[in-house]
Each structure stands twice: as structure tokens, then as C-alpha cells.
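Subject: Handing over the structure

Hello,

Here is the structure I promised to pass on. Please open it first, then read my notes below.

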Amino acid sequence: MHTTLGGTPTSATQPRFPIESVRDSFPALKHAAPFVFFDNAAGAQIPQVVFDAVNHHLLECNVQRGGRYPQSQEVDAAIDRGRRSVADFLNARDSSEVAFGMNATSFIRIVSLAIGQSLADRKEIVITDMDHEANVATWMALEPLGAKFRLWKMRDDGNLHPEDLWPLLSARTRLVACTVTSNALGSIVDVPAVAKFAHDAGAELFLDCVHYGPHGIIDVQAWGCDYLVCSGYKIFSPHMGFLWGRRELLEKLPTFREDFIPNEPPVKLEAGTFVYENVAGMTAAITYLENLGKQVTGNGAKSRRAHVIDALTAIREYEESLSLEILRVFEKSGATVYGVRQKERIGERVPTFLFNLPHVSPQVVTEELARAQIGVRDGHMYSPRLMERLKLSMDSGAVRASLVHYNTLDEIQRFSDVLQKLSKHG
Ligand SMILES: Cc1ncc(COP(=O)(O)O)c(C=O)c1O
């Protein structure tokens with residue numbers, strides 16, 4: 001069921017994941033050593049090429065776009081390159097379907113404000129109890145406009161099941177707002193199945209792809225979604241966000257814009273000036289993935305998208321080995337892991353783990369890990385409904401360790417040592 005999204009096509013000829021050269025690409029890993037970055041869900045480190053691209057932009061063309069002089073024309077070209085790179089990253093039909101901005105939350109709100117103005121006789125919006133609040137509160141803010149909400153609940157097995165969505169849908173459903181991957185639990189949702197159900201009911205699908213972004217292949221066409229957001233700063237890039245939407249839907253959205261701004265995507269979604277140097281950084285992050293794809297296959301002659309797919313296929317496989325190892329560590333430490341924990345369901349998750357140790361508060365766990373130079377996070381993970389569902393308090397919540405492809409088995413061993421000590425002595 002999860003093969004499109006979560007499955008890892010393994011191949012006997014696939015070479016070993018080049019972890020040493022991956023780590024060499026990220027200067028912060030060296031600068032901060034021996035610090036371990038296990039809080040990547042809150043923002044990942046950047047490769048040198050991303051830093052260089054941001055620097056280059058600021059030093060060579062830090063001017064407003066749309067002018068008739070070379071530096072300004074270079075800004076226009078950089079934005080255009082960014083759109084085409086992100087379009088390849090997402091498999092968008094056209095780069096005009098990609099808009100740049102501050103972050104994912106503000107883009108969800110831009111779309112929710114527009115949808116709120118066009119609810120008509122489809123006033124119901126499906127939200128989930130597994131989502132980050134950014135993809136819940138932004139929709140619930142439409143209540144004064146007459147929107148009604150249906151809650152799609154996660155099952156006790158730690159994931160949303162599309163067949164539970166179907167009974168919530170009707171001719172009154174305007175939109176399903178759902179995550180691709182939980183930022184708290186790491187569970188990957190079967191979004192092509194969600195899209196099919198939503199469309200069969202005549203509704204649209206808005207996907208929060210923020211957490212899935214650094215971990216796997218995104219394919220807006222194969223998934224059949226209508227809107228999707230990502231945060232660049234989770235995908236090895238600086239702080240920025242991007243929105244993708246089907247062109248014909250974006251064309252119809254009533255967004256705020258000054259009268260002289262054309263009512264066309266992407267400019268109708270990009271009120272004001274966004275951070276151009278960070279778009280240059282995002283472009284470079286995709287180039288980093290492209291180069292990693294070339295490296296893992298040894299074949300440099302494919303399209304950018306094909307190389308990115310190779311990179312993310314290798315990343316998925318490597319990250320699954322990290323997930324299997326850390327699950328062993330949790331088992332040994334007697335930790336409660338919330339969400340998908342069976343080895344045979346490993347393809348249904350990314351290496352993001354929410355857990356608690358018996359008789360030790362989440363805060364003490366994160367403080368002890370910080371003393372051992374390991375950065376994780378405790379709290380509610382911006383997912384209040386999920387906390388309620390898991391019977392965790394909003395004040396203390398749980399601990400989250402979130403790994404990406406530059407993390408290692410050795411780092412997991414260090415994490416394990418602290419957990420073992422804590423579980424023995426509290
Ligand atoms: C799944 C998910 N959605 C949305 C957001 C909000 O993203 P942003 O900070 O870009 O608004 C986050 C941030 O952590 C997230 O993890």
C-alpha cells in the first residue's frame with residue numbers, strides 16, 4: 001500500500017551509501033563536532049554549496065528584481081532557476097505552479113483565506129489529528145466564514161488510513177487537508193489513495209509535505225494532489241517555503257494582490273518581496289541532491305529529476321537502516337515509541353521517533369542528551385490533537401529524535417548509551 005511513497009526499491013547493484021562524503025558536504029557537522037544533530041525535523045543543516053549560493057547572491061546581486069540592469073536581471077534569472085529546480089523536485093507540470101515565500105504556514109494561510117471566500121455549498125473541510133497545527137488551525141480559522149470540520153482520526157497503529165476518510169466525505173466536502181508525513185511520529189500517509197477518495201467526492205486535497213520533504217521522492221502528478229507546501233529549511237536549505245498548486249486551481253484562487261499585479265500564478269501568491277538569496281539556497285540544495293544522485297549511481301547523464309530520484313531512493317534505503325537500528329535501541333531501553341514500530345512496516349515511516357522513557361520526564365531526557373552533546377526536542381511538536389490522542393500532556397509531551405541522511409549508526413550508538421544510562425538510573 002505504501003510502495004509509491006514509502007517503499008524502497010532496492011537493487012543488488014546499488015552501491016553503499018556514501019555517508020563520509022555526504023557528511024563532508026555539511027560544514028556544520030564538522031564545526032559542531034562532536035555534537036549530534038537529531039533535531040532535524042525542526043530544521044536541517046545546509047551543505048557548503050547552499051552556503052556558497054546564498055553568499056554569491058548577497059555579494060553579487062542583492063538588488064530588487066524586475067530592473068533593466070544586469071544585477072537585477074540576474075535576480076530574475078535566479079528566481080526562474082529556483083522555480084524550475086523546485087518544479088523538477090516536485091515533478092510539477094510547469095514552473096509557474098511554484099510560488100516562493102516565507103514558510104509553509106503562511107502559504108497554507110494564503111490558500112485557506114482564498115478557499116474561505118469560495119466555499120459556496122461545499123463548506124466541509126477534513127482535518128486530521130495527526131497533522132502539525134499549521135495544517136489545522138489555518139483551516140479552522142475559516143469557521144466564521146461558515147466552514148465546518150470533519151476530523152479524520154489516526155488509527156492506534158500510528159497512521160491515517162484512507163478507508164477511514166471515505167465516510168467523512170460527501171457532496172459538501174470542499175477540501176481534505178492532510179499531512180504526507182507526521183512531523184511527530186514519522187508515519188507516511190498513502191496520499192495517492194487519499195487523493196483518489198477526495199476527488200471521487202469532488203473535493204480538493206491540500207498536502208502538508210514539510211516533514212516528508214527531506215526524506216523521499218515527491219511526485220505531485222503521480223500523487224494526484226491539488227496543493228502542496230514544503231519548508232526549504234527542512235530540505236537542507238535556508239529559511240523559506242514554497243507552495244505548489246495545480247495551475248488551473250491557482251488561477252481561480254482569490255488572493256490578495258495589488259491591482260497592478262497580474263491575477264496569475266505564481267505572482268498572485270507572492271505578495272511583496274520574498275528572500276531571494278534563500279531561493280538561491282533552495283536551488284543549490286536541489287543541486288546537492290542531483291549530485292548525490294549522480295554519485296550513488298555513477299551515471300551522470302540523466303535529467304535533473306532522475307538524479308534527484310536516485311538520490312532520494314538511496315536516502316530512503318539508508319534512512320531505513322537508521323530507523324531499524326534506533327528501534328532496536330528503543331526496545332533495549334524500554335522506551336515507549338509512539339507510532340509505527342514494527343520492523344515489517346519500516347517503509348511506512350521516516351526516521352523521526354517520538355518516545356518516552358518510563359519514569360523519566362521528557363525534559364530530563366533531552367537535558368541529559370544535550371549534556372552528552374546530542375540535540376533532540378521535547379514537547380508537543382505543534383500537534384495538540386495528536387498529544388491528546390496519545391494521552392500526553394501539552395506541557396511535557398514526549399521526546400522527538402529526528403534523523404536525516406547525514407546521521408550515522410555511530411551517532412545512534414551514542415544516543416543509545418545515554419538512553420541506557422537513563423533507563424537504569426533515571
Ligand atoms: C509537518 C509540518 N508542517 C508545517 C510546519 C510549519 O512549517 P513552517 O515553519 O515552514 O511554517 C512544520 C514545522 O515544523 C511541520 O513540521
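**Helix H4 and its partners**

The axes of H4 and H11 come within 9 Å of each other and cross at roughly 40°. That angle makes H4 oblique to H11. This is a predicted model, so local features need pLDDT of at least 70 and side-chain atom pairs count only at pLDDT 80 or more, while totals for chains, interfaces and linings use all residues. Residues are numbered from 1 along each chain as its sequence is written, and side-chain values use heavy atoms, with hydrogens and water left out.

Some terms before we go on. Helices (H or I, at least four residues) and strands (E, at least two) are DSSP runs, numbered from the N terminus. Axes are lines fitted to C-alpha atoms, for helices over the stretch in contact, and angles run from 0 to 180 degrees between N-to-C directions. Under 35 degrees counts as roughly parallel, over 145 as roughly antiparallel, 65 to 115 as roughly perpendicular, and the rest as oblique.

H4 passes H11 in a left-handed crossing. Left-handed means that the near helix is turned anticlockwise from the far one by less than a right angle; clockwise is right-handed. Which residues meet here, in H4 and in H11? From H4 come Val75, Ala78, Ile79, Arg81, Gly82, Ser85, Val86 and Phe89. From H11 come Tyr276, Val279, Met282, Thr283, Ile286 and Leu289. Contact means heavy atoms within 4.5 Å. By class, the contact of H4 with H11 has ten nonpolar, three polar and one charged. Ala, Val, Leu, Ile, Met, Phe, Trp, Tyr, Cys and Pro count as nonpolar, Asp, Glu, Lys and Arg as charged, and the others, Gly among them, as polar.

H4 (residues 70–90) also meets H12 (residues 304–333): their axes come within 9 Å and cross at roughly 55°. H4 and H12 are therefore oblique to each other. Their crossing is right-handed. Arg84, Ser85, Asp88, Phe89 and Leu90 in H4 touch Arg304, Arg305, Val308 and Leu312 in H12. This contact of H4 with H12 has four nonpolar, one polar and four charged residues.

**H12 and H15**

H12 has another partner, H15 (residues 409–425); the two axes come within 9 Å and cross at roughly 15°. H12 and H15 are therefore roughly parallel to each other. The crossing is right-handed. H12 brings residues including Tyr318, Leu322, Ile326 and Phe330, and H15 brings residues including Leu409, Ile412, Phe415 and Leu419. The residues of this contact divide into nine nonpolar, five polar and two charged.

**Loops to look at**

Where are the cis peptide bonds? One joins Ala33 and Pro34, with omega about 10°. Pro34 lies in the loop between helix H2 (27–31) and strand E1 (36–37). Another cis peptide bond joins Pro265 and Pro266, with omega about 0°. Pro266 is in the loop between helix H10 (247–252) and helix H11 (276–297). Now find Asn91, which has a positive phi of about 60° although it is not a glycine. Asn91 sits in the loop between H4 and strand E2 (98–101).

**Cavity and pocket**

On a 1 Å grid over the protein atoms alone, a cavity is a set of points where a 1.4 Å probe fits but cannot get out; a pocket is an open set with protein on both sides within 12 Å along at least five of seven lines; lining residues have an atom within 4 Å of a point. Grid points are joined across faces, edges and corners, and a volume is the space filled by probe spheres set on the points.

There is one cavity of 30 Å³ or more. The largest cavity has a volume of about 40 Å³. Its lining includes Asn40, His211, Pro214 and Ser402. The lining of the largest cavity divides into five nonpolar, four polar and one charged.

The largest pocket has a volume of about 350 Å³. It is lined by 19 residues, of which Ala41, His132, Val210, Tyr233 and Lys234 lie nearest its centre. The pocket lining has seven nonpolar, eight polar and four charged residues.

Best wishes
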